[in-house]
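Dear colleague,

Here is the structure I promised to pass on to you, and below it I have set out what I found. Please keep it open beside this message as you read.

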Amino acid sequence: MKRKIITLLLLCGSILLTLQAESLYAQNELNRISIAERSDGKGYVVRNHLSSMVDSVKIEQPSPDRIQMLLFAQELDTLNFRYPPQTGTFNHFDLFPVDNGMGVEISLSAGNYFKTRTYPDQNGRDLLLAMERVSSTEIEQIAANSTEIDFTDYIADIHGFAEDEEIDNSFLRIRDNQEFNVIVLDAGHGGKDPGTENRSMRLQEKDIALAVTLKVGEYIKEHIPDVEVVYTRTDDTFVPLSERGLTATRNKGDLFVSIHVNAAPNSPSAHGTETFFLGLARSKSALEVMKRENSVVDLENGPGSLELSEEELLVYELTNTGNLAISERIASMVEDQFKNRAQRRSRGVKQAGLEALWHASTPAVLIELGFLSNPSEARFLNSDYGQTIMASAIFRAIRDFKLEYDRSIRGNGERQASNE
Ligand SMILES: [Zn+2]
């Protein structure tokens, strides 16, 4: 009798263990790859359909006709994998199972050259490969700078590497961005670049932007101490636009907030706040802002140096829509604060292709505090009182967004836990 019970218990135990193992290991499935032609005709977006996002990805283009991807995820399952149909451009797809991941090799037919980038999709599961046509010269260069992936290097049975051996660090980390803890504050312009000016009042955009930015940072540090604040500048120095966005990426920023002041020299009555998030310029005024706020690059490389092309923005839109949605949400919370708490005139939330935002691979907004060309608004923005009001409005928007975000993350975690 006793033995029977023990046997039964052992049996139950092993069933439980098996179930446990199943739920641990059948974590991610790559079930197909699909190809969509870009609407601007300049290339393709290849979608890796996954049941959850991979941990990291490596991409190489060792020769003009080959794109290699290495997707890493615990026990990536490809049992039900369906290959995409062959087309003129795509010769064939090959899968190479590796430990905790999958190698994918795309062979292209002759004369089709692309530069590539990978992005996580907004749905949080699929991995996208954006492909844009390039010339044969460009692809030669890409191939020359690329190292062929030998997929067998990633199979322990063949090479017998130790389990905790560091493989290499050239992977793009995809999944370590679960928290909202690092905020990058970017005071527009600085140093030799004054931004917009009100000459008769001797006011420069760079000074007001810096004062408000530093105040926002102080409020965050004081009231949300678990959030780290990173500044692109804390004094009157010139920082190139590309450097500002990279600061966000390098510090694993969760939000990039760029603070500016507007101007409309030909209509001194214009006033109010605007908040932009990155996207295709859809209106003429958004285009004007793009030109003005992007013009700082001219100081570095001479006139006409910057053309953030429509297609670059399109790829960004196609692939970064998750960030876009967050950016748009924060932008609207900022404008709400300006309008309802700070009693400013809100000119609304807008989309624009701003280079300062483009370089930040995080959610990003650009705030125009008001018009320096409007004397009464200029006085307000130059006063400590006005700067305090504007900075606290921005702070409250960030704080409220963080609360909302943390709640949604916790919600997901609880749902996941209850599924197990
Ligand atoms: Zn500016």
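Histidine 189 is buried, since 27 other C-beta atoms lie within 10 Å of its own; the word buried stands for 20 or more such atoms, exposed for 12 or fewer, and partly exposed for what lies in between, with the C-beta atoms placed from the backbone. This histidine sits in the loop between β11 and β12 (197–198), where helices (H or I, at least four residues) and strands (E, at least two) are DSSP runs numbered from the N terminus. The phi of histidine 189 is near 60°, a positive value in a residue other than glycine. Most residues other than glycine have a negative phi.

Before going further, please note that this is a predicted model, in which local features need pLDDT of at least 70 and side-chain atom pairs count only at pLDDT 80 or more, while totals for chains, interfaces and linings use all residues. Residues are numbered from 1 along each chain as its sequence is written.

The pLDDT is the predictor's confidence in each residue, from 0 to 100; its mean over the protein is 78, and 71% of the residues reach 70 or more. Over residues 5–26 the pLDDT is below 50, and this stretch has four contacts in the model beyond near neighbours in sequence, a contact being two residues whose C-beta atoms, placed from the backbone, lie within 7 Å. Residues 296–307 also have a pLDDT below 50, and that stretch has 14 contacts beyond near neighbours in sequence.

Among contacts between residues at least 6 apart in sequence, 73% join residues at least 24 apart.

Is glutamine 343 buried or exposed? Glutamine 343, in the loop between α9 and β17 (346–352), is exposed, with 9 other C-beta atoms within 10 Å.

Turning to the sheets, five strands form an open sheet in the order β5-β1-β2-β9-β8, with mixed pairing; two strands pair if DSSP finds at least two bridges between them. The edge strands are β5 and β8 (114–120), each of which pairs on one side only. Strand β1 (residues 28–37) runs parallel to β5 (residues 76–77), to which two bridges join it, and glutamate 29 stands opposite aspartate 77 in β5. With β2 (residues 43–50), β1 pairs in the antiparallel sense over seven bridges, and there tyrosine 44 is the bridge partner of glutamate 37.

Asparagine 28, which lies in β1, is buried, with 22 other C-beta atoms within 10 Å. The residues that asparagine 28 touches include Leu50, Ser51, Leu76 and Asp77, leaving aside residues up to four places away in sequence. The C-alpha atoms of asparagine 28 and serine 51 are separated by 5.4 Å, although the two are 23 residues apart along the chain.

Elsewhere, β6 (residues 90–98) and β7 (residues 101–108) pair in the antiparallel sense over eight bridges, with serine 107 in β7 as the bridge partner of histidine 92. Two residues lie between the strands of this hairpin, in which asparagine 100 takes a positive phi near 55°.

Which residues touch the most other members of the largest nonpolar core? In this core of 46 residues they are Val334, Val365 and Ile394; a nonpolar core is a set of buried Ala, Val, Leu, Ile, Met, Phe, Trp, Tyr and Cys residues joined through C-beta atoms within 7 Å. Among the elements that give two or more residues to this core are β11 (182–187), α9 (321–341), β18 (364–371) and α12 (384–419), and α12 gives the most, with eight residues. Valine 334 touches Thr275, Val365, Ile367, Ile394 and Ala397, not counting residues up to four places away in sequence. Apart from this core lies another, of 32 residues, among them Ile106, Tyr113, Leu128 and Ile139.

Finally, Glu377, Ala378 and Leu381 are buried in α11. Seen down the axis of α11, its buried residues fall within an arc of 105°, so they line one face of the helix; the arc is that of the directions from the helix axis to the C-beta atoms.

With best wishes
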